[in-house]
Amino acid sequence: AQPSAPAPISASLRELEFGQLNFLHTTDTHGWLAGHLQEPSYSADWGDYVSFATRMREKVEAQGQDLLVVDTGDRVEGNGLYDSSAPKGVYLSEILRHQHIDVITSGNHELYKQNTSEAEFLTTVPNFRGKYLASNIDITHPETNELVPLAPRFKKFTTKQQGIRIVAFGFLFDFTGNYNNTVVQPVEKTIKEDWFQEAIRDKDVDLFLVAGHVPAHSPEYRAIFEEIRGIRWDTPIQFFGGHQHIRDYAKYDSKAFALASGRFMETIGFMSIDGLSTSDRPSTTSGPVFKRRYIDNNLYSFYHHTGLDEESFPTEKGRNVSQLITESRSALRLDRVHGCAPRTLWMSRVPYPHKDSVFTWLQTQVLPDSLKDESRGEVPSVAILNTGAIRFDIFQGQFTQDTIWTISPFTNSFRYVKDVPYEKVQLIMEVLNKQTKILDTFESGSSLPPLPRPENLARMEDFIVEEEEESLDTPIYDMAALHQAPISTNRQDNKIVPGYTTKDDAGTDGDDTLHSPISFYQVPNCIQALLSANTSGVPETVDLIYIEFIQPHLALAAKFAGLDVDFFQDSDVYMSSTTMTDLLLAWVKKHWKCE
Ligand SMILES: Nc1ccn([C@@H]2O[C@H](COP(=O)(O)O)[C@@H](O)[C@H]2O)c(=O)n1
């Protein structure tokens, strides 16, 4: 772990149930390879994960079993380790490559911008040659300008110990927000292509492995499942997915399951399959048995599941990777303090509006104080911001160079349209905040990227823990104590701390660590702030300021609202070259001085 990471808290753990074939899975890590430096439950880093995968491989191979490691994309955007270097990602890709990954795929974040997808093509794909799969993504080759597959479409391989024959694919969901140097072919179309049809007709296959940046419960995975099942009625299928930032497990039939392993290096997903037939050993049981576990990413869990300790657990390579992360964070000055947050601000642990909501803070303080383009004088304005632009909670205490990128990693700046009737803005807000499906169905085949926060799409209802409200002002963890405390192995000491309490298709026993539940409140897709309105009451017309990411959604919502404005032609830059990240950082430096 990183030197400044809090020690994990000892807890009651559920055991892993190993099988003939075992998997470790990460997804949506978004640059958090240093782990969480303010949350003990997730405080292991990528170096610890390198050690963990090695020790797990040693453990299962000693029993004649196999281990495969999978990552399903969105490795970029969301943490200083990726976002604060120039060019972005140079430190991250060096750290990432040290994990032995057997199957790796792209997420949507690898494709939003041309430079990101080109870095993927020129660096990450070669770093994971033979492991990186891209079943439905093409890229314009940066030198030849030809459209080529981002990586091979699929691969067939056999496992080291048992020779289990696996055909593996690597998909991305039907994403439409990519920059035009890449092409994402819809999954439903891809699976009709000859190469896929041939691959699923291969008779010498013991398992189909579908890795992808695709939600575990999704129409895309349903389509792949049905296509394979139509040809191979009996062959086991293991899906690994992601994108919605949740822990999830989907049962497609008794021989086909999908695991999604959360977000931001909070979770290492574990799967095992027992009873697979192989070329020289037909299955001995009535059918394969699938087991899943969501491991909290911390050293207490890692030691427990490997049966090792502080001395015996780390590998030399793992230690070196942790050291490389420390050096990279130091070169990027990620611990530089810009201010001190007086209290914790939550994204979804409190309702919106609420005094402890990060969105209420933005609406009532940051946007009114900071969004001002001198060239517009005192013209009243309304600013619209998508809640998905903010990616993480702000914890009470030091606000560092890393914090700014964890909450606002995108390079989005602002635009505006003048003379918009205030009442039309309210109608637009209503449309934007109706479920995104409305916008999707309005113009089917439109190229709208998803608007809501991914967590919001996955959890359509509030989950309220009644007794939580009173404890919100108390920090979850006593950080001072945690920095000194050794990991206790004394079961009596086990505390139940708030964390994941996952419910999935297999029940409520998926998490390795027993936690108390945390509230989850839905937030709107977009919030608005009325700015520079010196008059009492509402203005008749306003400058409509918006963050550029939502321009296509806004344009569509405006049509709904009967506003005749061409957002692509009639809008202009607001506060030239100021991004949301710049705005937030300047506000913090000015208002949140450390005592
Ligand atoms: N430039 C961007 C890119 C994305 N967003 C927000 O992120 C959401 C997608 O996040 P995933 O991690 O699930 O892929 C998207 O819906 C937007 O809300 C953004 O604001 N700006």
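This is a predicted model: local features need pLDDT of at least 70, side-chain atom pairs count only at pLDDT 80 or more; totals for chains, interfaces and linings use all residues.
Local features need pLDDT of at least 70 and side-chain atom pairs count only at pLDDT 80 or more, while totals for chains, interfaces and linings use all residues. Residues are numbered from 1 along each chain as its sequence is written.

**View 1. The nonpolar cores around Leu33 and Met347**. A second, separate core of 58 residues includes Met347, Phe410, Leu556 and Leu585. Beyond four places in sequence, Leu33 is in contact (C-beta atoms, placed from the backbone, within 7 Å) with residues including Asp45, Trp46, Leu81 and Met265.

**View 2. Trp46 in helix H1**. Helix H1 spans residues 46–62; helices are DSSP runs (H or I, at least four residues), numbered from the N terminus. Trp46 counts as buried because it has 26 C-beta neighbours inside 10 Å, the cut-off being 20 or more. Leaving out residues up to four places away in sequence, Trp46 touches Leu33, Ile95, Gln99, Val321 and Ile325.

**View 3. Packing of helices H10 and H19**. H10 (residues 358–370) and H19 (residues 580–591) pack at about 105°, with axes 10 Å apart; axes are lines fitted to C-alpha atoms over the stretch in contact, and angles run from 0 to 180 degrees between N-to-C directions. H10 is therefore roughly perpendicular to H19 (65 to 115 degrees). Val366, Asp369 and Ser370 in H10 meet Leu583, Leu584, Ala586 and Trp587 in H19.

Conventions
A nonpolar core is a set of buried Ala, Val, Leu, Ile, Met, Phe, Trp, Tyr and Cys residues joined through C-beta atoms within 7 Å. A residue is buried if 20 or more other C-beta atoms lie within 10 Å of its own, exposed if 12 or fewer, and partly exposed in between; C-beta atoms are placed from the backbone. Two residues are in contact if their C-beta atoms, placed from the backbone, lie within 7 Å. Helices (H or I, at least four residues) and strands (E, at least two) are DSSP runs, numbered from the N terminus. Angles under 35 degrees count as roughly parallel, over 145 as roughly antiparallel, 65 to 115 as roughly perpendicular and the rest as oblique.
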